[in-house]
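Subject: A structure for you to look at

Hello,

Here is the structure I promised to pass on. Please open it first, and then read on for what I found in it.

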Amino acid sequence: MNTNLVEELKWRGMIHDIMPGTEEQLKKEMTTAYVGIDPTADSLHIGHLVSIMLLKHLQMAGHKPLALVGGATGMIGDPSFKAQERKLLTVEEIQHNVQCIKKQLARFLDFDNSVNGAEICNNYDWMKDYLFLDFIRDVGKHITVNYMMTKDSVKKRMETGISFTEFSYQLLQGYDFLTLYRTKGCKLQMGGSDQWGNITTGTELIRRMEGGEAFALTCPLITKADGTKFGKTEGGNVWLDPEKTSPYKFYQFWLNCSDVDTARYIRIFTLFSREEIEAFEKQHAEAPEQRILQKALAKDITIRVHGEEAYNTAIAASELLFGKATTEQLNSLDRATLMSVFDGVPQFTVSRTTIEAGASLVDLAAEVGMFASKGEIRRELKQNSISVNKQKVGEGCTLGNADILASGCILVQKGKKNYYILNVE
């Protein structure tokens, strides 16, 4: 048994609050612990990764992780530090989201270990047949309204208003902890610091209803050094689902983090040892322009989430804009990745018949409006500043079947920074 889990989490900056006795419990025996995830979408986003990494470290230290997917609580929505009430989802929507999330968790946690293999639980299983009258008789009488009102997550909503539905959320989450304590021997709940009130309601229920002892550990809510929200881009959340956030954009998110943020993120989101991280930091300090830290972070987390092939594709895609990519690399990219790279680039449509018959670049570029006139593109061609699929072309350039990339496009470039996409349909 690794007795230094708390110490490991502390140096990584992953502990915000910890209940007295938690460290002693983890040293004493293999401890079952859980993190709750509400299935409000059909994918996790990188904001979920902190608590998932808590489970990963817990399992590596010899303890047993449970991932509680909140099929029941997801139908209500946690009010913790939210400005307004969430949209309520249907049972069918939630069940679909649960299945998608299960697949993503399997990339982080070992579900096959016979000793401390991870498990996924769904609180819908024990809540779906629980009658409201029974619940308030069995559970509600043990927690006073006064106690519930002291929670910061509730107090912060009193001015704007909080529905009874959301007010009752902490009781449901507390009952989850109680149920896992009874059925799985779970003694520890972990989560973000905004969950402290809900988690301690669970430890209180266990104490009052079972006479048992349970524990709590929370990690800080991650923000950027400038105070803005972590995991958000202009396009919204950075998702783990490649259909929602392409591996290229996922990789670029981590690659573009500031030095200050990356120094924190590499501890939280990777499994590199202290020695490895300190070595990266030393190399980075000697040549910050090479972005050693960012590259190490981006590579590790992209491979963990999307796999090595997707990481290599992201690298090839990055070379298109920032390096000396080859036509072969360009041709290896699927359409989704290519469009991610060239998001916002002017696009034009041309028929496949036209290309197959052989089309003069001068005529075609003028016809679709890529350039203002034939004279302009001729001047650019004479100055050797036009490339097709990363190959320089001359005045007599004709586009043909061989120029259509695997993505169904032809990439035209003027100078170093101006790109145009011809969609062949």
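Leaving aside its neighbours within four places in sequence, which residues is Ser-387 in contact with? Please keep in mind that this is a predicted model. In it, Ser-387 touches Lys-392, Leu-411, Val-412 and Gln-413. Ser-387 belongs to strand β11, which covers residues 386–388. Its relative accessibility is 7%, so Ser-387 counts as buried, the cut-off being under 20%.

Asn-389 is worth a look while you are there. This residue sits in the loop between β11 and β12 (391–392). With a relative accessibility of 4%, Asn-389 counts as buried. Its phi is positive, near 55 degrees, although the residue is not a glycine. Most residues other than glycine have a negative phi. Arg-291 also has a positive phi without being glycine, with a value near 50 degrees. You will find Arg-291 in the loop between α14 (274–286) and α15 (292–306). At 28% relative accessibility, Arg-291 counts as partly exposed.

Now for the whole chain. The protein chain has 425 residues, and 52% of them count as buried. Its secondary structure comes to 21 helices and 15 strands. Along the principal axes, the C-alpha atoms fill a box of roughly 85 × 50 × 45 Å. If you take the contacts between residues at least 6 apart in sequence, 73% of them join residues at least 24 apart. The chain exposes about 20100 Å², and carbon and sulfur atoms supply 49% of that area.

Eleven of its twelve residues are buried, so α3 is largely enclosed by the rest of the structure. Among the buried residues are Lys-56, His-57 and Gln-59, along with Leu-49, Val-50 and Ile-52. After α3 comes Gly-62, which has a positive phi near 100 degrees.

Next is helix α11, made of the 15 residues 196–210. Its end C-alpha atoms lie 21 Å apart, which agrees with the 21 Å that the helix should span at 1.5 Å a residue. Its buried residues include Gly-197, Asn-198, Thr-203, Glu-204 and Ile-206. What do the buried residues of α11 pack against? Their partners are the helices α7 (145–149), α8 (152–155) and α10 (169–184), together with the strands β5 (186–192) and β6 (215–219). Gly-211 follows α11, and its phi is positive, near 65 degrees.

Best wishes

Terms used:
Residues numbered from 1 in each chain as written. Predicted model: local features only at pLDDT ≥ 70, side-chain atom pairs only at ≥ 80, totals over all residues. Heavy atoms only, no water. Buried < 20%, exposed > 50% of the residue type's maximum accessible area, 1.4 Å probe, protein only. Helix = DSSP H or I, 4+ residues; strand = E, 2+ residues; numbered from the N terminus. Expected span 1.5 Å × (residues − 1). Contact = heavy atoms within 4.5 Å. Areas by Shrake-Rupley, 256 points an atom, 1.4 Å probe, with all protein chains shown as cover.
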